[in-house]
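Please look first at the sequence and the structure, and then I shall go through them.

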Amino acid sequence: MIAFIVRRLVTSFFVLLAATMVIFGLTSIAGDPLADLRELPGADGERRMADRIERMHLDDPVWLRYLNWLTGLFRGYLGVNRDGQDVGVMLGDALSATLQLVLAATVLAVVIGVCVGIISALRQYSSFDYGVTLAAFVCFSLPLFWVAVMLKQYIAISFNDWLRDPAIPPTVIVVLALIAGLIWAAIAIGDRKVKLIAFGAGAAITAVILTLLSVTGWFADPGIGLIGLAILAGGTAVGLSMLISGLQYRGPLYAALAAAGLGVLLSEILTPVLADPSWAEIFGLALATVIICIALGYGLGGLLRQQAITGAVLTGLITGGLIFVDRLLQSFASYSDMVRGRPISTIGAGTPNFKGDFWQTNLDSAGHLLLPSMALVLISLATYTRYSRSSMLEVMNLDYVRTARAKGLPERTVITKHAFRNGMIPITTLMAVDFASVIGGAVVTENVFGWQGMGTLFTTGLQQVDPAPVMAFFIVSGTAIVVFNMLADIVYAYLDPRIRLS
Amino acid sequence: MTISASASGAAQGMTVVARTQGQMVRRRFFRHRAALIGMFAFGFVILLAFSSIGFGPIPGWWDKTYLTTGSLVNQGRPTLSVVPEFLGGEGIHLGEHPFGQDNIGIDYFALTMRGAQQSIIVAFIVAIVATSVGTLAGAFAGYFRKKTESFIMRLTDVMITIPILIIAAIVGRTFGDSGIVILAICIGLVTWPMLGRLVRGEFLSLREKEFVEAARAVGTSASRIIFRHVLPNTVGVIIVSATLAVANAVLLESALSFLGVGVQPPDVSLGQLIDTYRSAMTTRPWLFWWPGVFIIAIALSINFIGDGLRDAFDPRQTRVRA
């Protein structure tokens, strides 16, 4: 295993080195780096041209400039751009903006995509499956920039206008309720009667919730509230125990419910701490949650101690997440006032000179992240859905799944324990490949939404025939891709013993 | 050529028809409804784009060109109407400018058609170049192994590390001014590694098969084994990837043109149209809508064709049976 990792590291290093050479060479010959200065008349132009030639070493041949840059890199120095700004400093600012975007998009796409893919595999050839397949194909075929501009126009601007008077028109409620009903009917298994009941119940519940939200003006001053929190946390506990251990075993169920109950209770007790916390405090609380939940699972789990611990920790963390979202939503009204009633923003990674408490600042970044990550998610979502669906289908037809069914295991165990775990192995490789396309997508998205991120660094560098910023972008993105590919290989070898042992 | 059936089949009242591999693939493909719809849609788009404004010296049936400016009619709104009169619409007609006009009065239908032509040409060239290079590289790597293989595989490693958008952007920036054909060839030359890896994988398993050994034993030359014996067996994988490469190339070209590094003005492409008119989104949304709709139509129909082909060549995961 160690020899494998070392070999991978060495090849990856040389692969990266070769790639930097290619990009540096191509960027340097991609145009005239002095183009903008040639227009300037007289001595001033000549002086600035001489300055830039001096700064970018344009009198040296390209390979010498590359070696210069490379030696600088090994000493941790990324060089200066054509105006003499330190690229390292520029990169630092750009990196955090882009990382937020890429991470948010990847995590969302993986979670939603894998869930939808699995459901659609388990309901193969149902109308839900066909619907998901069609939607995935449409997503595959969407040009990212077009979607981004659309989102900007219709979601951001129109949604902000709508928030002034957040009432949902009755026709919209009816349409949304019908759509929700159709989705439920498509997922439900059974004869026509079951499907009709699922359709009716789904549509009715959606209609009632939407009407309530509309009448109470929830969207102007949202929040989950104590009762909503209790229902959601309890539902999470029951749902997770159903998936992890099955409801017939009481121990894990009680542990998960206790975790949920404790979480809801603590959200009230800890109000003074949660009024304006720092990230350190939030992480501390998360850590405490994990420890308490492990203890709960250990104490209440009985024979199924391991499942109980998993269930309790997951429930605890999700409850914590719900409390976090609740607090964010509660400060929505005050935040909305602070940005003059336009909470969903379309430009940049944060409101300039914004000052607010912890929740308002985070809401500000969330409002800025929402649209760009939505655009990015739409694109990778399709990939994850399709791949997890086909991988799951392949696994469900294998012999060991048939064996598991034949020896009388309940369908839940067959799916979660035998099929799901093996079906997700190929997804690790997919994540590494997809990461490269998400970074490419981030370049486009940043362009549309005016983020001063890595993509901007790269595109302006390219337009100005200025290798230093382009290389800085590549050092980060290329290293990330290589590292992700390597991690995927290692995880793959870890998950699939056939590869490790051969 | 249908050979009808063996005696026992006929005795039971069943007719068993023997079909060649190609016939089975064709049958499975034509039974795939989405793929058929995709094929007709794509054919329609190509026909519309190339026949309407003509191509090169050949004139088309549409009376306006993408270069002539005119006076703005009704602020350049589209005159296309598809709502029949009995439903309270204006009736079905094309009108003077079905897709509207841009701000200097150029007929937007002609402009969009020109953009579609260019995008389709670029996409096909990219796919053809990438597929041929990828197939050759994958075939050599998979068949010869050893140094050839490690060299080609390290090359693909390097190229996959660089996100495609970056390398294509640099290529577009360098060669974008010299016309779309050169741009397309260059993009094709950097997008082959994925296909190359796929073909190599196929070759690795096929080269160990008995028929290859037999061919080698009678002294067949390496090139003949590669092109006559092994390559025809990988044709399914190659055709499916080539189809999907066309769809990806349409999207890649439009993304590049949108970033300003693809097709350069005065030439137009669908992505470049969207980039040019993106600030017009609020005042003249149709300038933004039409090119986007065409990009989606082209990419979606090709993706459906590719899906149908995949099912036809590899029917393990589908219900469609020949």
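What percentage of the 322 residues of chain B count as buried? The figure is 49%, where buried means under 20% relative accessible area, exposed over 50%, and partly exposed in between, with a 1.4 Å probe and protein chains only.

A word on the basis of these values. This is a predicted model, in which local features need pLDDT of at least 70 and side-chain atom pairs count only at pLDDT 80 or more, while totals for chains, interfaces and linings use all residues. Residues are numbered from 1 along each chain as its sequence is written, chains are lettered from A and ligands numbered from 1 in the order in which they are written, and side-chain values use heavy atoms, with hydrogens and water left out.

Chain B has 13 helices and 2 strands; helices (H or I, at least four residues) and strands (E, at least two) are DSSP runs, numbered from the N terminus. Chain A has 22 helices and 0 strands. Of its 502 residues, 44% count as buried. The C-alpha atoms of chain A fill a box of roughly 85 × 65 × 45 Å along the principal axes.

Let us turn to one helix of chain A. Helix α13(A), residues 279-300, has 22 residues and spans 31 Å from first C-alpha to last, close to the 32 Å expected at 1.5 Å times one less than its number of residues. Its buried residues are A:Ile282, A:Cys293, A:Leu296 and A:Gly297. These lie on the same side of α13(A), because they cover an arc of only 90° around the axis, the arc being that of the directions from the helix axis to the C-beta atoms. Their cover includes α11 (250-269), α14 (305-330) and α16 (358-396) of chain A. On the other side of α13(A), exposed residues include A:Phe283 and A:Leu287. Just after the helix, A:Gly302 takes a positive phi of about 65°.

Finally, the surface. A:Ile2, A:Val6, A:Leu9, A:Val10, A:Phe13, A:Phe14 and A:Phe74 form a nonpolar patch, with about 730 Å² of accessible area together (Shrake-Rupley method, 1.4 Å probe; for residues, only the protein chains shown count as cover). Helix α1 (residues 2-28) of chain A gives the largest share, 6 residues. A:Val10 lies in helix α1 of chain A, and A:Val10 counts as partly exposed because its relative accessibility is 44%.

Definitions and conventions:
Contact = heavy atoms within 4.5 Å. Patch = residues over 30% accessible without salt bridge, like charges linked within 9 Å, V, L, I, M, F, W, Y side chains within 5 Å. Salt bridge = Lys/Arg side-chain N within 4 Å of Asp/Glu carboxyl O.
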